[in-house]
Amino acid sequence: MVQVDNAHETVLVVDFGAQYAQLIARRVREARVYSEIVANTITAQEIADRAPAAIILSGGPKSVHTAGAPLIDSDVYELGIPILGICYGAQLIAQQLGGTVNQAGRGEYGKTELSATSQPSQLLPPEVTAGDIVWMSHFDAITEPPEGFIISASTVDAPAALIENATRQIYGVQYHPEVAHTPHGQSLLERFLHQVAHCEADWTMANVIDESVDVIRTQVGKGRAICGLSGGVDSAVAAALVHKAIGAQLVCVFVDTGLMRLGEGDQVVETFQRTQGIELIHERAADTFFEALKGVTDPEEKRKAIGEKFIRIFEQAQGGITDAQFLVQGTLYPDVIESGTGDAAKIKSHHNVGGLPDDMDFELVEPLRNLFKDEVRAVGTELGLPDEIVWRQPFPGPGLGVRIIGEVTPEAVAILQQADAIVREEIASAGLERDIWQAFAVLADIRSVGVMGDERTYARPIIIRAVTSEDAMTADWARLPYEILENMSSRIINEVNGVNRVVYDITSKPPGTIEWE
């Protein structure tokens, strides 16, 4: 894979195991500054070699007093690079530079009132007033800052909620400015980035597109690339971006499993073949998938059957493109972080396109590997993809096959497609599309008695699942207004044959999962 030096100033977010490390990196990018997440094992010399514009130390689940608690190379503080520590990161700064961190007697979790001290602050936004709310999540607290630091804000249980050393450009904040529950948190981060570290606000999606096009052209040259379209956001944006770079050298393969949401197969073809002008091989394979799923009810067996058929059909389609050397993948930055792997030059099994076999030897083209999901959507919009593609909700790889409890048949898929379309239409009509992470229908493999038109029915129920989430790692059930739920239920019962009952899933993740299978 061709790599080029990033043309943007970089802020390194040092991860101490915080649940919010990715969120910090995203907030930095929202300030139009490029960020990367690095492990806390990074050395001062490695940081110096990368010459970042600033360093942010994340929070973490451990106490600085715990044996084996993660540290940062103390020479980092001597590099002259602006540093901001958040929560655990702030406590680590205090401890490593000679301050005192103690258990405060009780922790602070959730909303807390913040008060500014009389000390002048480079970091605290001027709009913060006494009693403003911040979001805390800590048990230890800084009780004595290191020499040369001032305390510019405090709370009842965190006497040094914000410490600053303007001369050394080192700062620590006990609360979490990166979360939405801290109203002026983004403003604090932007003051650190722009006024302290003097970072330029040049990380824009227009710049990302221009730079990606240059990288793709350098990598592919005059070769040909193939992309497996799933109908999802990531593969769609990756395909559009690569097509902008190399045009007709790209060919896409869309394996239509028959397990997509209502009308999505046609929409993929319309968008890429007709609107975008991308060469598209459309493999209509619904019958093949239904045959493979006949009699299969175990969720894992369904996934294996769907994945195996996808591989074989993709192989057949790819067999006609003998000169393709490159495989386009919709890998995102969270995938890179979570895998913990370096740059892979060759495709192996269990990658993004359905788990491709080992003997498919391609060089990867991954134009989105430095982007978060919200940035991918912004790139898609900038490239002119329709909102129906760009803002499409996450969808499982096996499609509706894992939203049908029991055997997957054409009849069951038809029922679920209609019910699911109603759920999504009502969410859209209420203007909640961008507030809900996922909203969908599940078809259960049970029957219940009902009465319709004075006649007894014995039909299947539809389960409605709607959740809110930042990243799908955790999720909460969406508190949809009763009127919306009533509309969904009424429409599904009246418009979808084979359904006589609708229920709403109010399980969060954990303990449940977002999908049912």
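**Figure 1. Helix α1 and the residue that follows it.** Just after α1, Arg32 takes a positive phi of about 65°. The model is predicted: local features need pLDDT of at least 70, side-chain atom pairs count only at pLDDT 80 or more, and totals for chains, interfaces and linings use all residues. Residues are numbered from 1 along each chain as its sequence is written, and side-chain values use heavy atoms, with hydrogens and water left out. Helix α1 spans residues 21-30 and is mostly covered, with eight of its 10 residues buried. Those buried residues are Ala21, Leu23, Ile24, Ala25, Arg26, Arg27, Val28 and Arg29. Buried means under 20% relative accessible area, exposed over 50%, and partly exposed in between (1.4 Å probe, protein chains only). Helices (H or I, at least four residues) and strands (E, at least two) are DSSP runs, numbered from the N terminus.

**Figure 2. Overall content of the protein.** The secondary structure comes to 14 helices and 19 strands. Of the 517 residues in the protein, 53% are buried. Among contacts between residues at least 6 apart in sequence, 75% join residues at least 24 apart. Contact means heavy atoms within 4.5 Å.

**Figure 3. The loop between α2 and β3.** Ala51 lies in the loop between α2 (44-50) and β3 (54-57). Phi of Ala51 is near 50°, a positive value in a residue other than glycine. Ala51 counts as exposed because its relative accessibility is 55%.

**Figure 4. From strand β4 through Cys87 to helix α3.** Cys87 lies in the loop between β4 and α3. Although Cys87 is not a glycine, its phi is positive, about 55°. With a relative accessibility of 5%, Cys87 counts as buried. Helix α3 (residues 88-96) has seven of its nine residues buried, so it is largely enclosed by the rest of the structure. The buried residues of α3 are Tyr88, Gly89, Ala90, Gln91, Leu92, Ile93 and Ala94. Just after α3, Gly98 has a positive phi of about 100°.

**Figure 5. Strand β9 and its two partners.** In a regular strand the side chains alternate between the two faces of the sheet. From strand β9 (residues 170-173), Ile170 and Gly172 point one way and Tyr171 and Val173 the other way, and all are buried. Strand β4 (residues 83-86) pairs with β9 in the parallel sense over four bridges, and Ile86 stands opposite Val173 in β9. Strand β8 (residues 162-165) pairs with β9 in the antiparallel sense, also over four bridges. Asn165 has Ile170 of β9 as its bridge partner. Two strands pair if DSSP finds at least two bridges between them. β8 and β9 form a hairpin with four residues between them, and Gln169 in the turn has a positive phi of about 60°.

**Figure 6. The largest cavity.** The structure holds one cavity of 30 Å³ or more. About 40 Å³ of space lies in the largest cavity. A cavity is a set of points, on a 1 Å grid over the protein atoms alone, where a 1.4 Å probe fits but cannot get out; lining residues have an atom within 4 Å of a point. Grid points are joined across faces, edges and corners, and a volume is the space filled by probe spheres set on the points. The lining consists of Val128, Asp132, Ile133, Val134, Tyr175, Thr182, His184, Gly185 and Leu188. β6 (132-144) and α4 (185-196) each supply at least two lining residues, and the largest share, three residues, comes from β6. By class, the lining has five nonpolar, three polar and one charged residues. Ala, Val, Leu, Ile, Met, Phe, Trp, Tyr, Cys and Pro count as nonpolar, Asp, Glu, Lys and Arg as charged, and the others, Gly among them, as polar.

**Figure 7. Cys252 in strand β11.** Cys252 is found in strand β11 (residues 250-256). Cys252 is buried, with a relative accessible area of 0%. Leaving aside its neighbours within four places in sequence, Cys252 contacts Cys227, Leu229, Ala239, Ile278, Glu279, Leu280 and Ile281. Cys252 and His282 are 30 residues apart in sequence and 8.5 Å apart in space, C-alpha to C-alpha. The structure holds zero disulfides, a disulfide being a pair of cysteine sulfur atoms within 2.5 Å.

Figure 8. A cis peptide bond joins Lys509 and Pro510, with omega about -15°. The peptide bond from Pro510 to Pro511 is also cis, with omega near 10°.

Terms used
1 Å grid on protein atoms, 1.4 Å probe; cavity = no way out; pocket = protein on both sides within 12 Å on 5 of 7 lines; lining within 4 Å.
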